[in-house]
Amino acid sequence: MKRKIKLGVFGFGCVGQGLYSVLHQTKGINAEIKKICIKHPDKARPIDASFFTTSRDEILNDPEIDVVVELIDEVDAAFEIVSSALRKRKAVVSANKKMIAENFPALLKLQQEFQTPFLYEASCCASIPVIRNLEEYYDNDLLTSVEGILNGSTNYILTHIFENNKAFDEALKDAQRLGYAESDPSLDVRALDPKYKLLIILVHAFGIILNPGDIFNYGIQNLKDADIRYAREKNARIKLIARCCKNGNKVYAYCMPRFVPVSDTLNKVTYEYNGLLLEGAFAEHQFFMGKGAGGNATGSAVLSDISALTYDYRYEYKKLNQNLNHTYTREIELEVYVSYNGAIQPAAADFESISVRHESPGFNYLVGRISLLKLMKAKWMDDPSVNLVLTENNI
Ligand SMILES: NC(=O)c1ccc[n+]([C@@H]2O[C@H](COP(=O)([O-])OP(=O)(O)OC[C@H]3O[C@@H](n4cnc5c(N)ncnc54)[C@H](OP(=O)(O)O)[C@@H]3O)[C@@H](O)[C@H]2O)c1
């Protein structure tokens, strides 16, 4: 695409407005917004009313619009918009990890059938360029693991809890006010948002397509003061970690809180920042850190995708096409800390071994080894009085 590209944008919330702002402050991007489709026509908008429509078709049927930018907070509507645009051979940029993770096979098929690019860098870690790095730099089989803090909102909450002694609810409200939290904050707090990102990363890192239900996610919803005290006593913090790792041709993945020693690299990742540690067979460790949420940070990743489209960039899905014979497994053993108040007890029989068991009025915990598969099936895990944190002693 050599001529100036015309954008049809869906959504003018936190990210849509961020995109508008960064686009207008960036020289050398050969793109302009022609129309913006929103949901509520009566909302006050900071830019001219002539930009807005509530009709999808005004964008989808406009032959002048080359690129559809999908930045809405609904999943089904977003999937319909993206599918229709691809069918009309309009390139698409999206930041909607939930929509992408839940519909990956269909979206891949549409890209192939209509030979039209679909880019979504902003969906994983907002401002950190993850996907293009995995596609282009790690276009080989040398990558062994990707792990990190993929959710800006919970990292913001945990940083405030540990560094500023703020209460959970107060920190969550701040994250929402600042535009770091998803419209439905349970997606962040219950670790669904980082799981969706991990699902996308798995495709580009290891060529594995999974359903959201295949990956274990456990959030920070049951974090208690006693867990925070325990972490501090161990000179650690609690961080919500997403990890996928290759061992031979087996790949495993999970998303859960972990005790992270104060001196650890991941503890440098504070507030709304995201951090990603990549490990390669020869490159060893690489660390990426950047803003993982917020309008301008996310808008700049969207802009980078738009810019990539001006030179006809598209994902080649190299790892999928290399037929790497990777298989996904949940048969790994993890060391976990489980706290509980006594009414509901973790079933000892689920554990391979228990190395520590502490019981005192109002605060009980154990440290033990358990398989990921058992963890996913354990009923006691669903109780709000129980809290789970991975220990530092895990591969
Ligand atoms: N916020 C972040 O930091 C961040 C970071 C990375 C990725 N994302 C992703 O980016 C997307 C947008 O997030 P956001 O934070 O910008 O959300 P947001 O602030 O809640 O804004 C959502 C926008 O979508 C519009 N909208 C909702 N349903 C629509 C529909 N059916 N048709 C047309 N417009 C519709 C809304 O219209 P009205 O204005 O009329 O209500 C609003 O403008 C989400 O997928 C999110 O997961 C967000």
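Analyst: A pocket is an open set of points on a 1 Å grid over the protein atoms alone, with protein on both sides within 12 Å along at least five of seven lines; lining residues have an atom within 4 Å of a point. The model is predicted, so to speak of local features needs pLDDT of at least 70, side-chain atom pairs count only at pLDDT 80 or more, and totals for chains, interfaces and linings use all residues. Residues are numbered from 1 along each chain as its sequence is written, and side-chain values use heavy atoms, with hydrogens and water left out.

User: Which residues lie nearest the centre of the largest pocket, and how many line it?

Analyst: The lining has 50 residues, and Leu71, Ile72, Asp73, Glu74 and Ser183 lie nearest the centre. The volume of this pocket is about 1200 Å³, where a volume is the space filled by probe spheres set on the points, joined across faces, edges and corners.

User: Which helix gives the most to the lining of the largest pocket?

Analyst: H1 does, with four residues. At least two residues of the lining come from each of helix H1 (14-25), helix H3 (75-87), helix H4 (97-102), H7, helix H9 (186-189) and H10. Helices are DSSP runs of H or I with at least four residues, strands are runs of E with at least two, and both are numbered from the N terminus.

User: What lines the largest cavity?

Analyst: Its lining is made of Ala101, Phe104, Leu199, Ile200, Val203, Ile209 and Leu210. H10 gives the most, with three residues. A cavity is a set of points where a 1.4 Å probe fits but cannot get out.

User: What does Asn394 touch?

Analyst: Leaving out residues up to four places away in sequence, Asn394 touches Glu333, Leu334 and Glu335; contact means heavy atoms within 4.5 Å. Asn394 sits in the segment after strand S17 (387-390). A polar atom of the Asn394 side chain lies 3.0 Å from the backbone oxygen of Thr391.

User: Where is Ala281, and what does Ala281 touch?

Analyst: Ala281 is in the loop between S11 and strand S12 (284-291). With residues up to four places away in sequence left out, Ala281 touches Leu142 and Thr144. From Ala281 to Arg177 there are 104 residues in sequence and 42 Å in space, C-alpha to C-alpha.

User: Which residues have the most contacts with other members of the largest nonpolar core?

Analyst: Leu7 and Val69 touch the most other members of this core of 89 residues. Helix H10 (residues 192-206) supplies the largest share, nine residues. The core also draws at least three residues from each of domain 1 (5-130 + 295-321) and domain 2 (141-290 + 326-390). Another core, of 22 residues, lies apart from it, with Phe216, Ile332, Val338 and Leu375 among its members. To count as a nonpolar core, a set must be of buried Ala, Val, Leu, Ile, Met, Phe, Trp, Tyr and Cys residues, joined through side-chain atoms within 4.5 Å.

User: What does Val69 touch?

Analyst: Not counting residues up to four places away in sequence, Val69 touches Leu7, Gly8, Val9, Phe10, Leu19, Val93, Val302 and Ile306.

User: How many residues does each domain bring to the contact between domain 1 and domain 2?

Analyst: The centres of domain 1 and domain 2, taken over C-alpha atoms, are 30 Å apart. The contact takes 21 residues from domain 1 and 25 residues from domain 2. The domain bounds come from an automatic or database domain assignment.

User: What makes the phi of Tyr271 and of Tyr317 worth a remark?

Analyst: Most residues other than glycine have a negative phi. Tyr271 is not a glycine, yet its phi is positive, about 50°. Tyr317, also a residue other than glycine, has a positive phi near 50°. Tyr271 lies in the loop between strand S10 (250-261) and strand S11 (273-280), and Tyr317 in the loop between helix H12 (295-310) and helix H13 (318-321).

User: Are these two tyrosines buried or partly exposed?

Analyst: Tyr271 has 27% relative accessibility, so it counts as partly exposed. Tyr317 has 6%, so it counts as buried.

Methods
Polar contact = N/O pair within 3.5 Å; in protein donor to acceptor, adjacent residues only side chain to side chain. Buried < 20%, exposed > 50% of the residue type's maximum accessible area, 1.4 Å probe, protein only.
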